[in-house]
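This report describes selected side-chain contacts and surface features of one protein chain. Please look over the sequence and the structure before reading on.

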Amino acid sequence: MLEFKLSGDKKSYLVTAKNVDGKTVEIAGDLVIPGTYEGLPVTDIEYYAFSEAKMTSLTIGEGVINIKGGAFSSCKNLTKVTLPSTLKGIDYAVFRGCSSLENIELPERLTSIGEDAFTET
């Protein structure tokens, strides 16, 4: 379901949806992205990682710092999102087209929200 990629400095991971034979594995229901993997922090969620997934809720673990562009765009069934207090950046179009999203609390440390991050929500 999740694929973790070690950063260039080998001090953290970024996460994306797992691909099998070039196709993204279908994600539905509740998605939990951990804040650590194999003892290292998960700091980033990859560009368009979960775009168009059919999840209904999303919980992102403490330690995640950045959500890259379009990561959860067009997740039309997504109703609830829990963001970590460590989050500093929400890139462009991250939640664009999440038309069922009812409520989201933004953490105090958040310093950057990209263009169209919440368009069509």
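A salt bridge is a side-chain nitrogen of Lys or Arg within 4 Å of a carboxyl oxygen of Asp or Glu. The structure shown is a predicted model, and a search of the whole of it finds 2 salt bridges.

**Salt bridges**

E120 and R96 form a salt bridge in which the closest N and O atoms are 3.5 Å apart. Because E120 lies in the segment after β13 and R96 in the loop between β11 and β12, the pair ties together parts that are 24 residues apart in sequence. R96 also meets the side chain of D116 in a salt bridge, at 3.7 Å from N to O. D116 is in the segment after β13 and R96 in the loop between β11 and β12, so this pair connects parts 20 residues apart in sequence. Through shared partners, the salt bridges join R96, D116 and E120 into one network.

How exposed are the residues of this network? E120 has a relative accessible area of 51% and is exposed. D116 is partly exposed at 33% relative accessibility, and R96 is partly exposed at 32%.

**Aromatic pairs**

The structure holds 8 aromatic pairs. A pair of aromatic rings is described by the distance of the centres and the angle of the planes. Two of the pairs are set out below.

| Pair | Centre to centre | Angle between planes | Type |
|---|---|---|---|
| Y13 and Y37 | 5.0 Å | 90° | edge-to-face |
| F95 and F118 | 5.6 Å | 15° | stacked |

Y13 belongs to strand β2 (residues 13-17) and Y37 to strand β6 (residues 36-37), so their pair ties together parts that are 24 residues apart in sequence. Is Y13 buried or exposed? Y13 has a relative accessibility of 9% and counts as buried, because buried means under 20%. Y37, with a relative accessible area of 29%, is partly exposed.

The pair of F95 and F118 also links distant parts of the chain, with F95 in the loop between β11 (89-90) and β12 (103-104) and F118 in the segment after β13 (112-113), 23 residues apart. F95 counts as buried at 0% relative accessibility, whereas F118 counts as partly exposed at 27%. F95 and F118 are also part of a cluster in which ring pairs link F50, F72, F95 and F118.

**Cysteines**

How many disulfides does the structure hold? The number is 0. C75 is in no disulfide, and the nearest cysteine sulfur, that of C98, is 5.0 Å away.

**Surface patch**

Which residues make the nonpolar surface patch of about 310 Å²? The patch is made by Y47, Y48 and Y92. Y48 is found in the loop between β7 (40-45) and β8 (54-60). With a relative accessible area of 43%, Y48 is partly exposed.

Conventions. Residues numbered from 1 in each chain as written. Predicted model: local features only at pLDDT ≥ 70, side-chain atom pairs only at ≥ 80, totals over all residues. Heavy atoms only, no water. Patch = residues over 30% accessible without salt bridge, like charges linked within 9 Å, V, L, I, M, F, W, Y side chains within 5 Å. Areas by Shrake-Rupley, 256 points an atom, 1.4 Å probe, with all protein chains shown as cover. Helix = DSSP H or I, 4+ residues; strand = E, 2+ residues; numbered from the N terminus. Buried < 20%, exposed > 50% of the residue type's maximum accessible area, 1.4 Å probe, protein only. Disulfide = S-S within 2.5 Å. Phe/Tyr/Trp six-rings, centres within 6.5 Å; stacked < 30°, edge-to-face > 60°.
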